[in-house]
Amino acid sequence: MSTDRYSRQIRFAPFGAAGQEKLGAATAVIVGCGALGTVQASLLARAGTGMIRLIDRDYVEESNLQRQLLYIEADARDALPKAEAARRRLLEANSAIAVEAHVSDLNPENADELLGEADVILDATDNFETRYLINDYAVREGVPWIYGAAVGGYGIAMPVLPADSACFRCVYPAPPGGAQPTCETAGVLGPVTSLIGSLQAIEAMKILSGRMAAVRRRIFTADVWNGPIRETPIPARDPDCPCCARREFTWLGGRRAPVSLCGRNAVQIHELRRPIDLAQLASRLDGLGEVRGNEFALRFRAGEHELTVFPDGRAIIKGTTDIGVARGIYARYIGG
Ligand SMILES: [Zn+2]
């Protein structure tokens, strides 16, 4: 490897050659490959993070291209899983690092396997359930993680340093109640996701390069349309926090609901651990509707519904928020 590749960040004295060497031996796990995740992954890959593990359950769609910076039109056309599309693009940018793609939904059963060996975990998910799960794992294992979220023109980021600062449950004891704005209902601007993803990436780079003292122990919030942009101190640790004080890791011990809304007009069915031969399924569905696919996913359109099936039996049914309807479609075309 030419030393020229990283010369500009090595020249930045607080990072330096020693920081570069540590970064090159470190592992970052990115949970979610949407807008935040693609920004984090791109920056960390180009910076020379030795190993990047990408976890995402979804596939690229046209409406992602406005802000999910690693994807191109062909990825949406081919319905490539995001983790795989991102892996390919990252390796084109930096072939000297290792990138793993996991087309998977992070849950209590696979958390040890998917988050194992992480030196830092970056949150690029869109839901509190997964964040509590990451927090439980990170506190139990003593792994730093970086919370981030964005919707509309608003974004927030906060590092969680187990045994050092408040954990996510200290700050958010319970998920917010009622309907929350989502990127589907309230929209989201590309610059705010890029801003938050970048802030998460720099804190990750500090952690991975061994510069823990430089990590900003602050909650960063920004309303990029109306202002303001500000930082507030992270609250003190809750001495009675169920997670970091009492060490009850309830989210790790729980089981995911077998069927869940995907936050848009879609339902995910994921309780079935049954490998599916996608080529076989494609020939079975041929003639019943429009079938497209690749080795990672098969997409089938029937009427107003669109079914995307993954090799592990998981499926996302678009065009409904009715769990019963989704189950019916799954049963009709894949089997009960
Ligand atoms: Zn706590």
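1. Burial comes first. In this predicted model, 54% of the 336 residues of the protein count as buried. Buried means under 20% relative accessible area, exposed means over 50%, and partly exposed lies in between (1.4 Å probe, protein chains only).

2. A word on the ground rules. Residues are numbered from 1 along each chain as its sequence is written, and side-chain values use heavy atoms, with hydrogens and water left out. Local features need pLDDT of at least 70 and side-chain atom pairs count only at pLDDT 80 or more, while totals for chains, interfaces and linings use all residues.

3. Next, the overall build. The protein has 12 helices and 14 strands. Both are DSSP runs numbered from the N terminus: helices are H or I with at least four residues, strands are E with at least two. The radius of gyration is 20 Å, close to the 20 Å of the globule rule for 336 residues, so the protein is as compact as a globular protein of that length. That radius is taken over C-alpha atoms, and the rule is 2.2 Å times the number of residues to the power 0.38. The C-alpha trace spans about 65 × 50 × 40 Å along its principal axes.

4. Now the contacts (heavy atoms within 4.5 Å). Take those with a separation of 6 or more: 65% of them join residues 24 or more positions apart. Ser-42 gives a local example. Ser-42 lies in helix 3, residues 35-47. Its relative accessibility is 17%, so Ser-42 counts as buried. Setting aside neighbours within four places in sequence, Ser-42 is in contact with Leu-70 and Leu-90.

5. What about the charges? There are 38 positive and 40 negative charges, and their mean positions are 3 Å apart. Lys and Arg count as positive, Asp and Glu as negative; His and the chain ends are not counted. Each charge is placed at NZ of Lys, CZ of Arg, CG of Asp or CD of Glu.

6. Aromatic rings deserve a close look. Rings of Phe, Tyr and Trp (its six-membered ring) pair if their centres lie within 6.5 Å; planes under 30 degrees apart count as stacked, over 60 as edge-to-face and the rest as tilted. By this rule there are 11 aromatic pairs. Phe-128 and Phe-168 form a tilted pair, 5.7 Å centre to centre with 45 degrees between the planes. This pair links distant parts of the chain: Phe-128 is in helix 7 (residues 128-141) and Phe-168 in helix 8 (residues 168-171), 40 residues apart. Phe-128 and Phe-168 are buried.

7. Why is the pair of Tyr-132 and Trp-251 called stacked? The ring centres of Tyr-132 and Trp-251 are 4.8 Å apart and the planes are at 20 degrees, so the pair is stacked. Tyr-132 is in helix 7 and Trp-251 in helix 10 (residues 250-253), 119 residues apart. Tyr-132 is buried at 0% relative accessibility, whereas Trp-251 is partly exposed at 26%.

8. Last, the backbone. The peptide bond from Gly-227 to Pro-228 is cis, with omega near 0 degrees. Pro-228 sits in the loop between strand 7 (218-223) and strand 8 (229-233). Ala-163 is not a glycine, yet has a positive phi of about 70 degrees. Ala-163 is in the loop between strand 6 (154-160) and helix 8, and is exposed at 72% relative accessibility. Arg-247, also not a glycine, has a positive phi of about 55 degrees. Arg-247 lies in the loop between strand 8 and helix 10 and is partly exposed at 43%.
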